[in-house]
Amino acid sequence: VSDQKPLGCWSVKHGQIITCPVVCNFETHEYIAVHDDKVLRIWKNKDINLDKVFKATLSADVYRIHSLSNGGPVVLFKGGGVRTLDVLLEAPQQEIENIISDEVIKWSEAFMEGQQPVLIFATEKDGDFFVYVQKLKMNSLHKYKLEQQELSKPLSFTAYIKNQMITLLCLYSNDAVYKVLIPLQQNTEEEEQILSKSLLLNLSVSGSVLKGTSFAVLDKDHIAVLGSLAASGEEPKECLTIWNTKFQTLQTSKELPLGTTGQLWCYEEKFFFTHGKVLTVIMYKCETSSLAAAVGKLKDSQTPDVSSFVNWNTLGDEELVVSFQSQQSVALKSESKMTLRSKRNAVAKVQPDTVSVGQLLLNLKDAPTTVFEEELRQLMSKAQMPDFQATIGCVITALINRCKTNPKYYPRNFLLQIVQTRDLSYSLCPDLMAVALEKKDVHLLQICLQRFPDIPEEITYACLKVFLSISEAYLQRIDVNLESVICYIDIEFNNKEVKTEIVENGFNAEREQDIWDTKITKETHLTADGEFCPVGPQKAALLNAVLHSAYSETFLLPHLKDLPAQQAVLFLRYLYYLYVKCSEKINTTLPGIRSPTINQIMDWMCLLLDAHFTVMVMLPEAKQLLSNLHKFVRAQVRFYSELNKIEGSLRELQRLNHQKDPHTYSIEVLELI
């Protein structure tokens with residue numbers, strides 16, 4: 001989520017259906033999935049094809065697998081039977097007892113209470129709801145019946161365990177949340193007990209009623225509810241709300257106009273929910289609930305203009321103070337485009353000392369440029385202050401916001417200094433590269449591509465397009481880091497042919513010429529065949545930065561298809577040049593710092609051909625390039641094929657050499673058959 005890069009993707013065969021959520025086994029670092037209700041699959045990150053991974057067909061249908069960090073995975077079957085994964089794998093076809101007969105499981109959750117795994121699940125039958133508590137190590141199962149609520153029924157459940165007591169929260173269709181207490185220590189042998197419930201919260205405020213669909217517990221005094229907020233005479237609006245259960249108040253709410261799936265997850269002080277077609281991640285921080293804060297929010301909520309203390313937007317000028325406030329009971333901040341850096345969660349961990357940072361930046365909003373930059377430099381010099389990374393991100397945001405309000409202002413050197421000397425990421429300053437693209441600041445873009453690990457594919461493509469479109473004459477006048485090209489690039493000066501000997505891993509131009517019968521002019525020989533770089537050193541260095549940037553093929557390919565044909569041909573010429581250059585070396589490695597690797601070059605060539613193959617086949621200027629590329633690749637395939645034929649002999653020769661005394665002089669003739 002932090003880098004927006006898919007780390008792995010696995011597919012079942014056509015016709016098969018994954019029937020419960022996939023989980024990770026924290027002990028073995030394996031993934032566990034169930035398809036078609038009974039077929040268990042277990043695999044690791046390095047596995048590619050699900051057909052070739054571990055498979056076990058079980059004797060009963062699986063409802064859900066729960067993964068516990070210290071207790072291993074627990075499998076809950078649709079009939080109510082429970083097994084740990086280890087026990088299940090010992091005999092996959094073992095008989096699974098049917099406990100709940102005609103009941104249907106509606107919800108389940110697993111916890112660790114000390115060293116004891118505890119599984120809780122709720123079922124429904126003919127309008128009655130039941131709760132089961134299973135202690136796996138003690139093999140004890142207790143069944144309870146939920147007290148009926150007139151004209152309403154449970155829609156969603158959540159639970160937590162504290163001090164040997166299970167607290168079960170139920171969201172009912174009458175727009176209320178009820179609390180049920182279940183002691184873990186049960187001495188009674190009664191087959192079924194009635195669970196009484198108490199009203200925890202009414203989801204209504206100022207005449208508006210929240211029709212909740214799912215909810216999550218934040219702490220002992222706060223819950224988050226996802227649903228539709230309906231006021232009298234108005235259309236219902238989907239929103240995420242935070243409620244104070246201690247003082248029965250709505251703390252804050254955020255409208256979600258693009259709609260949700262009705263699902264809400266809460267993990268490590270972050271909300272996860274779908275909004276439209278994207279996954280939204282919102283960090284939050286709960287503090288001790290106070291009556292003053294709760295009453296203050298209730299008072300605000302009764303006014304037409306609700307002034308929420310929650311900052312749901314990305315960090316901006318007027319939002320800096322709000323983001324660093326520590327007085328309110330719940331502080332939330334939304335990260336744009338889901339970009340959360342796990343190692344930079346300092347933004348979420350609010351510290352009292354950083355309140356002055358937001359106030360300072362607001363005070364500097366209208367300050368003269370010299371004062372503005374000097375104060376920012378002094379702010380960054382406080383290397384030991386808390387939330388340092390978050391502060392640097394705020395400084396860059398302040399600079400970018402001033403660039404937007406004053407088009408003539410662009411602190412190029414200041415921004416370069418920050419990016420080169422600080423460990424930043426795209427997610428900390430998402431508008432920085434957009435402004436650099438607008439200003440065509442290719443040097444800053446080059447540094448960002450080299451240093452930021454989480455650049456979206458859309459921005460990577462925009463950088464590539466700008467680099468290819470800028471003229472060589474313009475690039476020669478600006479500062480670009482050439483350390484990635486200076487050790488290998490061949491340039492043709494004053495149109496004079498500079499001959500260099502090229503050894504191309506088995507490629508023989510004369511031999512291939514007879515096959516292809518293609519006339520190659522002197523000019524195309526110098527460029528398309530790789531003797532001379534088709535771009536200048538500045539542009540080559542910029543393109544190398546693009547080649548080093550991390551990407552996902554799925555997200556990059558649609559953008560590459562929009563690259564103009566002439567630019568695509570030029571880029572392919574440069575990639576072909578690099579390919580030939582790599583092939584000159586025995587280790588297929590280019591010299592220099594941050595030089596492209598053979599894998600990066602090959603991956604980008606394949607991507608570019610996938611995106612533009614039809615166009616390139618039709619372009620006359622690309623015909624010779626494709627022909628030469630085809631010949632070169634075919635020659636390499638033939639060369640490596642010949643090497644494979646003598647691989648066994650070479651290994652035997654190596655073994656014989658190890659057996660010889662290295663100090664004994666001898667001449668041997670070995671015949672390779």
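Visitor: I'm new to this one, so how many aromatic pairs does the structure hold?
Guide: The structure holds 14 aromatic pairs, and please keep in mind while we talk that this is a predicted model.

Visitor: Okay, take Phe571 and Trp604: what kind of aromatic pair do they form?
Guide: Phe571 and Trp604 form an edge-to-face pair, with 5.8 Å from centre to centre and 70° between the planes of the rings.

Visitor: And which helices do those two lie in?
Guide: Phe571 belongs to helix 16, which covers residues 565-584, while Trp604 belongs to helix 17, residues 598-618, so the pair ties together parts that lie 33 residues apart in sequence.

Visitor: Are Phe571 and Trp604 buried or exposed?
Guide: Phe571 is buried, and Trp604 is buried as well.

Visitor: What's in the loop between helix 16 and helix 17, say, where does Arg594 come in?
Guide: Arg594 is found in that loop between helix 16 and helix 17, and with a relative accessibility of 37% this residue counts as partly exposed. Its phi is near 60°, a positive value in a residue other than glycine.

Visitor: Where does His29 lie, then?
Guide: His29 lies in the loop between strand 1 (18-25) and strand 2 (30-35), and it is exposed, with a relative accessible area of 60%.

Visitor: Switching topic, what does the side chain of Ser427 make polar contacts with?
Guide: The Ser427 side chain makes a polar contact with the side chain of Ser425 at 2.9 Å, and also one with the side chain of Asp454 at 3.1 Å. Ser427 itself lies in the loop between helix 7 (412-421) and helix 8 (432-439), and it counts as buried because its relative accessibility is 7%, under the 20% cut-off.

Visitor: Back to rings: which charged residue sits over Tyr178?
Guide: That is Lys197, whose charged end sits over the ring of Tyr178, 5.5 Å from the ring centre.

Visitor: Last one, which residues form the nonpolar patch on the surface?
Guide: Tyr640, Leu643, Ile646 and Leu650 form that patch, and together they have about 310 Å² of accessible area. Ile646 lies in the loop between helix 18 (620-645) and helix 19 (647-659), and at 31% relative accessibility it counts as partly exposed.

Technical notes:
Residues are numbered from 1 along each chain as its sequence is written. This is a predicted model: local features need pLDDT of at least 70, side-chain atom pairs count only at pLDDT 80 or more; totals for chains, interfaces and linings use all residues. Side-chain values use heavy atoms; hydrogens and water are left out. Patches are made of residues with over 30% relative accessible area and no salt bridge: like charges are joined within 9 Å, nonpolar side chains (Val, Leu, Ile, Met, Phe, Trp, Tyr) within 5 Å. Accessible areas come from the Shrake-Rupley method with a 1.4 Å probe; for residues, only the protein chains shown count as cover. A salt bridge is a side-chain nitrogen of Lys or Arg within 4 Å of a carboxyl oxygen of Asp or Glu. Helices (H or I, at least four residues) and strands (E, at least two) are DSSP runs, numbered from the N terminus. Buried means under 20% relative accessible area, exposed over 50%, partly exposed in between (1.4 Å probe, protein chains only). Rings of Phe, Tyr and Trp (its six-membered ring) pair if their centres lie within 6.5 Å; planes under 30 degrees apart count as stacked, over 60 as edge-to-face and the rest as tilted. A charge sits over a ring if NZ of Lys or CZ of Arg is within 6 Å of the ring centre and within 35 degrees of the ring normal. A polar contact is a pair of N or O atoms within 3.5 Å; within protein, one must be able to donate a hydrogen and the other to accept it, and residues adjacent in sequence count only if both atoms are side-chain atoms.
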